[in-house]
Structures are given as C-alpha cells and as structure tokens.
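Please look at the sequence and the structure first.

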Amino acid sequence: MVDENTPDNAPETEEAAIVEAGPVSGWLTENGFDHDLLEPDHLGIELVKVSPDFLIPLSTALYAYGFNYLQCQGAYDLGPGKELVSFYHLVKVTDNCDKPEEVRLKVFVPRDNPHIPSVYWIWKAADWQERESYDMYGIIYDGHPDLKRILMPEDWVGWPLRKDYVSPDFYELQDAY
C-alpha cells in the first residue's frame with residue numbers, strides 16, 4: 001500500500017528490494033548451482049552473480065542448457081579501491097528463434113588479486129575478449145591459451161582503464177602551454 005504522505009524520493013522498503021528469480025536462475029537453483037541474483041538490467045535480462053570458483057561449472061551447465069553463444073565478454077572497474085567485474089552475455093541461438101533467451105553472468109574480483117578462470121574452452125569467442133579485459137584492467141584469466149596484451153605495447157606498465165590508473169608522463173593540459 002502506498003502512503004500518500006510518503007515523498008517520491010523515499011528509500012524503497014525491504015520488500016521492493018527482493019529480486020525475483022528468472023527462468024535461468026530457477027534452473028540453476030534446481031540443479032544445485034550456487035549463485036546470487038542481481039536486479040535485471042533495463043531490458044529485463046537476468047543478471048547472475050557468480051563466484052570465480054563456480055564460473056566454470058556454472059558456465060559448462062549453461063552451455064549444456066543451450067546457451068551456445070557468448071555474445072560479449074567485458075570488464076569494468078567499480079572505482080578506486082573497489083572490485084573489478086568481468087561479465088559474460090550469453091544467448092541461446094537456435095533456428096527460427098524470434099527472441100532468443102539471454103542471461104548475463106558477473107564475476108566480482110578484488111583488484112589486488114584479480115584471477116578468474118578462462119571460459120575460452122567453453123566459448124572460443126572469449127579469446128580476444130578476455131585478452132582485452134586483461135590488457136585494460138589486469139584481470140588474469142587462468143587457463144587462457146594466449147593471455148597477453150592485445151591493444152597496448154607488451155612493455156606497457158599498468159592497466160589503462162582502471163579508475164585509479166595514472167598515466168606515465170601525464171601532465172596537466174595547462175602545463176602544456
């Protein structure tokens with residue numbers, strides 16, 4: 001029940017904060033795969049939080065369940081001192097499918113020890129995408145067959161897309177004149 005005296009910017013109640021399990025999460029739970037739910041994205045795509053230890057078993061199960069296409073793998077930084085995130089957008093590709101089923105996995109790792117197992121052996125499309133995440137954020141994909149820099153020179157120091165990265169020889173624009 002909505003109280004008409006409650007301001008529009010009032011914090012949500014605990015009831016509203018509960019995320020309902022979608023079909024993929026339900027299937028994972030039925031089959032004993034440990035995961036956490038995140039709120040679906042703006043398109044309603046399920047977001048599943050996975051620990052690095054369970055990424056390979058869960059990914060293998062999802063592949064067997066029909067998620068045969070890794071549409072995108074990427075990474076981002078939650079901020080200086082916070083965790084790094086590696087995400088995997090999976091799609092069930094079948095013949096004559098108008099709206100394929102989609103799910104996104106997210107793996108959160110500490111920035112001081114960012115190790116995640118590589119999904120290359122499940123989806124070959126992860127090859128260059130994991131290399132790019134390694135190159136830009138320093139996430140180490142254990143088991144990747146050729147984990148090396150793909151965009152930056154091999155001797156580059158640091159991870160350029162981390163929010164705490166300071167470029168070598170950086171100077172302020174006003175110092176350039």
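This is a predicted model: local features need pLDDT of at least 70, side-chain atom pairs count only at pLDDT 80 or more; totals for chains, interfaces and linings use all residues.

Residues are numbered from 1 along each chain as its sequence is written, and side-chain values use heavy atoms, with hydrogens and water left out. Helices (H or I, at least four residues) and strands (E, at least two) are DSSP runs, numbered from the N terminus.

**The sheet**

Strands of a sheet pair through backbone hydrogen bonds, either parallel or antiparallel. Two strands are taken to pair if DSSP finds at least two bridges between them. Here five strands make an open sheet with mixed pairing, in the order 1-2-5-4-3. Strand 1 (36–38) and strand 3 (69–77) are the edge strands, each pairing on one side only. From one strand to the next, the twist averages 25°. The table lists the pairings.

| Strands | Sense | Bridges |
|---|---|---|
| strand 1 and strand 2 | antiparallel | three |
| strand 2 and strand 5 | parallel | four |
| strand 4 and strand 5 | antiparallel | eight |
| strand 3 and strand 4 | antiparallel | eight |

Particular residues show how these pairings line up. Asp36 has Lys49 in strand 2 as its bridge partner. Lys106 in strand 5 also stands opposite Phe87. Tyr69 stands opposite Val91 in strand 4. Strand 3 and strand 4 form a hairpin with six residues between them, and Gly79 in the turn has a positive phi of about 135°.

**Helices on the sheet**

Which strands does helix 2 (residues 23–30) touch? Helix 2 packs on the sheet against strand 1, strand 2 (46–49) and strand 5, and its direction makes about 35° with that of strand 2. Contact means heavy atoms within 4.5 Å. Helix 4 (residues 126–137) also packs on the sheet, where it touches strand 3 and strand 4, and its direction makes about 0° with that of strand 3. Axes are lines fitted to C-alpha atoms, for helices over the stretch in contact, and angles run from 0 to 180 degrees between N-to-C directions.

**Helix 2 and helix 3**

Two packed helices are described by the angle between their axes and the distance between the axes. The axes of helix 2 and helix 3 (residues 55–64) come within 11 Å and cross at roughly 115°. Helix 2 is therefore roughly perpendicular to helix 3 (under 35 degrees counts as roughly parallel, over 145 as roughly antiparallel, 65 to 115 as roughly perpendicular and the rest as oblique). At this contact, Val24, Trp27 and Leu28 in helix 2 meet Leu58, Ala61 and Leu62 in helix 3.

**Salt bridges**

A salt bridge is a side-chain nitrogen of Lys or Arg within 4 Å of a carboxyl oxygen of Asp or Glu. The whole structure has seven salt bridges. One of them joins the side chains of Asp77 and Arg111, at 2.8 Å from N to O. This pair links distant parts of the chain, 34 residues apart: Asp77 lies in strand 3, and Arg111 in the loop between strand 5 and strand 6 (115–117).
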